[in-house]
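The following exercises are to be worked through with the sequence and the structure at hand. Each task is followed by a solution in steps.

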Amino acid sequence: MECFDKDLQSIQETRNLIAAAKKAYEKLAVMSQSEIDRIVAAISDAAYESAQMLAEAACEETGFGRAADKTIKNEFAAATLYEAIKNEKTVGIIAEDHSKKTIDIGIGVGVIAALVPSTNPTSTVIYKTMIAIKSGNAIVFSPHPGAKNCILKAVGIVAAAAEKAGCPKGAISAISIPTLEATNTLMRHEDVSLILATGGAAMVKAAYSSGTPAIGVGAGNGPAYIDQSADVDLAVRRIIHSKDFDYGTICASEQSIVITKAMEAKVTESLKKQGAYLMEPGESKKLGKFILRANFTMNPAIVGKSVDKLCEMSGLNGVPKGTKVLVARETGVGMEAVYSHEKLAPILALFVEADENACLKRCVEILNFEGAGHTFAIHSENEAQVKAFASAVPASRILVNTSASLGGVGGTTNLFPALTLGCGAVGGSSSSNNIGPLDLINIKRVAFGIKEIEDIRSASRKNLSGKSSDIDRMTSEIVGKIVSRVLKQLNM
């Protein structure tokens, strides 16, 4: 009975939040760009000031990651994102082409349902709030139950700052009693216009199955290919730093290293030298049993844990304290090939292939098995090779000579700074973008007449006449050639 009562309370709370958000959106919809921008700036400032506190709260509650790295992610969402969007035109007249006589008018979609993962809880709240308000939308968060408190704390901070700057009350809110029923109510409610889903595959699938338009992202499982032209030590350093960052909780982080046999000695030596531990077959098998559950899904106990903690939990002895990343040799891809799966922890697979073509095939195979449309990293100084791999792999982000975790989200690259990374149709997503404010608006297009119907008819006749002349000319030329050939044969 108590569980039933909780479900009813959560459903009613969700309905109340949606009703308040709808009223707030109606006020946001008539605000000017400058008014919206003032609110976004206030959110950015408040979130940046609270970055460390929220990071520590997230680590304490979830047990995932490293507070120092989560602070960086919060600051990235608050400051780097703000710099990218502060001058964007998102509401009202956003573009005008006098020569073509067209005007583009941006309007928010309405109330956005935002699903938040436990791996990046507070940074996701900051990021999604910023892009939602910047595009003139209201937003209601559905927290992951395992990160409820830090998510509610983050929502409270950004909402208070926004309201102080003129944002309508109710425009930014979160379900305080997170249940499956509440989330389903949020996603399926008639007054919710769009779902912004970041999380596990089941949750993203539920968002797309809700009947409400959705932007969802699937799992990342990006391979990193190291070419013979690469600076091996630098490539390895980038990969280790990336996989160690927040203990592997960013979905764009590398999950495997793919190299040719000719590169094996160089790469393995560099891995050992820079703090990675290459496991023996018995050690890989032991850890592998801990990584996956019986249904071949990732064991949540490994998520965001340090190598020391992983070894302690799995009973893996002999690994030096302070090791940054565990590396397991893998030869297959599929459900039972443990290390070919996504691993949100400092664990990497190492694939050694015969040649470059075999490496490319392996990278494609890995992504098609899990992580299609997400991210691929390549370390190479050969531009032609980069283009060849980029054309062939099923990934939306091709990262060259950079750490994939922060490169994919736009921290070490010029990609749009985002914590929701679209996977495109190949990955079951509605977008392949790093999602930003322009993905959360509708655009009214005003087009002035530039010709009359008679002009179109006249032009069509002219085109048809021209085509007929061309056909007649081509026919005459062909007939002439045939006649010449026949006469020539007769003369012979």
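Predicted model: local features only at pLDDT ≥ 70, side-chain atom pairs only at ≥ 80, totals over all residues.

**Exercise 1. Describe how helix α2 and helix α6 pack.**

Solution. 
Step 1: Two packed helices are described by the angle between their axes and the distance between the axes.
Step 2: For α2 (residues 33–49) and α6 (residues 148–164), the angle is about 140° and the axes are 8 Å apart.
Step 3: An angle has to be over 145 degrees to count as roughly antiparallel; α2 and α6 are therefore oblique to each other.
Step 4: The crossing of α2 past α6 is right-handed.
Step 5: From α2, the residues I39, A42, I43, A46 and A47 take part, and they meet I157, V158, A161 and A162 of α6. By class, this contact of α2 with α6 comprises nine nonpolar residues, with no polar and no charged ones.

**Exercise 2. Determine which residues of helix α10 are buried and how they are arranged about its axis.**

Solution. 
Step 1: In α10 (residues 264–273), the buried residues are E264, V267, T268, S270 and L271.
Step 2: Viewed down the axis of α10, these buried residues fall within an arc of 160°, so they line one face of the helix.
Step 3: A265, K266, E269, K272 and K273, on the other side of α10, are exposed.
Step 4: The partners against which the buried residues of α10 pack include β8 (223–226), α9 and β10 (276–278).
Step 5: After α10 comes G275, with a positive phi near 105°.

**Exercise 3. Repeat the analysis for helix α12.**

Solution. 
Step 1: V307, L310, C311 and S314 are buried in α12 (residues 307–314).
Step 2: The buried residues of α12 fall within an arc of 95° when seen down its axis, so they line one face of the helix.
Step 3: An α-helix has 3.6 residues a turn, so residues three or four places apart point the same way.
Step 4: α11 (281–291), β11 (325–329) and β12 (347–353) are what the buried residues of α12 pack against.
Step 5: G315 follows α12 and has a positive phi, near 75°.

**Exercise 4. Characterise the surroundings of L115.**

Solution. 
Step 1: L115 belongs to strand β3 (residues 111–115).
Step 2: Its relative accessibility is 3%, so L115 counts as buried.
Step 3: Leaving aside residues up to four places away in sequence, L115 touches several residues, among them K128, S142, T183, I195 and M203.

**Exercise 5. State the overall make-up of the chain.**

Solution. 
Step 1: The chain contains 16 helices and 15 strands.
Step 2: Of its 492 residues, 53% count as buried.
Step 3: Along the principal axes, the C-alpha trace spans about 95 × 65 × 40 Å.

Terms used. Residues numbered from 1 in each chain as written. Heavy atoms only, no water. Axes fitted to C-alpha atoms, helices over the stretch in contact; angles between N-to-C directions. Helix = DSSP H or I, 4+ residues; strand = E, 2+ residues; numbered from the N terminus. Parallel < 35°, antiparallel > 145°, perpendicular 65-115°, else oblique. Left-handed = near helix turned anticlockwise from the far one by under 90°. Contact = heavy atoms within 4.5 Å. Nonpolar A, V, L, I, M, F, W, Y, C, P; charged D, E, K, R; others polar. Buried < 20%, exposed > 50% of the residue type's maximum accessible area, 1.4 Å probe, protein only. Arc of directions from axis to C-beta.
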